[in-house]
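Reader: Hey, I'm new to this one. Can you walk me through some of its side-chain contacts?

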Amino acid sequence: MEAAMGLMRRMPPRHSETALSALLSLLPQHSSDLLSQVDLPLQVLCDVDIGKEFILCEYNRDADSYRSPWSNKYHPLLEDALYPSSELRKLEIEANDIFSIYRDQYYEGGISSVYMWEDDNEGFVACFLIKKDGSKNAQGRRGCLEEGAWDAIHVIEVGPEQEGATRYCLTSTVMLSLTTDDESSGTFSLSGSLRRQMHMNLPVADGHLCNMGKMIEEMEGKLRNSLDQVYFGKTREMVCTLRPPAEVAQMRLPDS
């Protein structure tokens, strides 16, 4: 199991579904652990009742159906399905409205979904999802990428209130993939994923949504910085070392 998880951490997001399917056939005894711990690129479905798209994941799935955060219905329809309590559903609706504004301000479009459910510790769990297709034929507003995708998964475990405060545990995963194919940059492909975790004890007086929003905003800032340094920074360093720009190459030539 440890080796399988190590392999999945090193697998490009675009190949992760194929790799997971192969591991499930090799390790059927660990299928439940693999499905619960491995994050795959997010898929999207349209809620025909509302006319809005929502994101599919393991957290809104029951059997082969997925619950829409907009209509609270499963697609396809499912009898005896699991639903959040009425109180938690109200919080879920508010979270989806607020997170849509957050997504549009930070991502200039994309699709977001928020799901909540009760846990066994008298608290609840919330999952915040963002999917942005940055390809020139989709939601990309600058047209620089042939293909591009950003998938963000934020799962927050909210503990019961104790002395006016609550413990929040945030686990965030970001999957990035991009491909260029033009005269200026040539054909170039880069992809990878990062996972980070954060714990905080915060006062409940500010509200759960406010506390969770602050944690997600802070975490996404850290993840973007890490991606910029690890993926883009190191790639730029290697490319410039192997193929230095013309002006740098000229400076390296010995004087005749």
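**Side-chain contacts**

Author: Let's begin with a charged pair: the side chains of R224 and E220 meet in a salt bridge, 3.6 Å from N to O. Keep in mind that this is a predicted model.

Reader: OK, and where do R224 and E220 sit relative to each other?

Author: Both are in helix α5, four residues apart, so about one helical turn separates them.

Reader: Are they buried or exposed?

Author: E220 counts as buried, at 1% relative accessibility. R224 counts as partly exposed, at 30%.

Reader: Why would side chains like that pair up at all?

Author: Side chains of opposite charge can pair when their charged atoms come close.

Reader: What about E218, which residue does it bridge to?

Author: To K222, with the closest N and O atoms 3.3 Å apart. E218 and K222 are both in helix α5 (residues 208–242), and being four residues apart puts about one helical turn between them. E218 is partly exposed at 36% relative accessibility, and K222 is partly exposed at 45%.

Reader: Which residues are linked in a network of salt bridges?

Author: E58, R61 and D64 are.

Reader: Switching topic: how many aromatic pairs does the count come to?

Author: Six. Take Y59 and W117: their ring centres are 5.4 Å apart and their planes are at 15°, so the pair is stacked.

Reader: Where are those two in the chain?

Author: Y59 lies in the loop between β2 and β3, while W117 is in strand β6, so the pair ties together parts that are 58 residues apart in sequence. Y59 counts as partly exposed at 30% relative accessibility, and W117 is partly exposed at 25%.

Reader: And F99 with Y102, what's the geometry there?

Author: Their ring centres are 5.3 Å apart with planes at 10°, so that pair is stacked. F99 and Y102 both lie in helix α4, three residues apart, about one turn of the helix. F99 is buried at 5%, and Y102 counts as buried at 12%.

Reader: Which aromatic cluster do they form part of?

Author: F99 and Y102 form one cluster with Y106 and F128.

Reader: Last one: what lies over the face of W70?

Author: K52 does, at 3.6 Å from the ring centre.

Terms used:
Residues numbered from 1 in each chain as written. Predicted model: local features only at pLDDT ≥ 70, side-chain atom pairs only at ≥ 80, totals over all residues. Heavy atoms only, no water. Phe/Tyr/Trp six-rings, centres within 6.5 Å; stacked < 30°, edge-to-face > 60°. Buried < 20%, exposed > 50% of the residue type's maximum accessible area, 1.4 Å probe, protein only. Lys NZ or Arg CZ within 6 Å of the ring centre and 35° of its normal. Salt bridge = Lys/Arg side-chain N within 4 Å of Asp/Glu carboxyl O.
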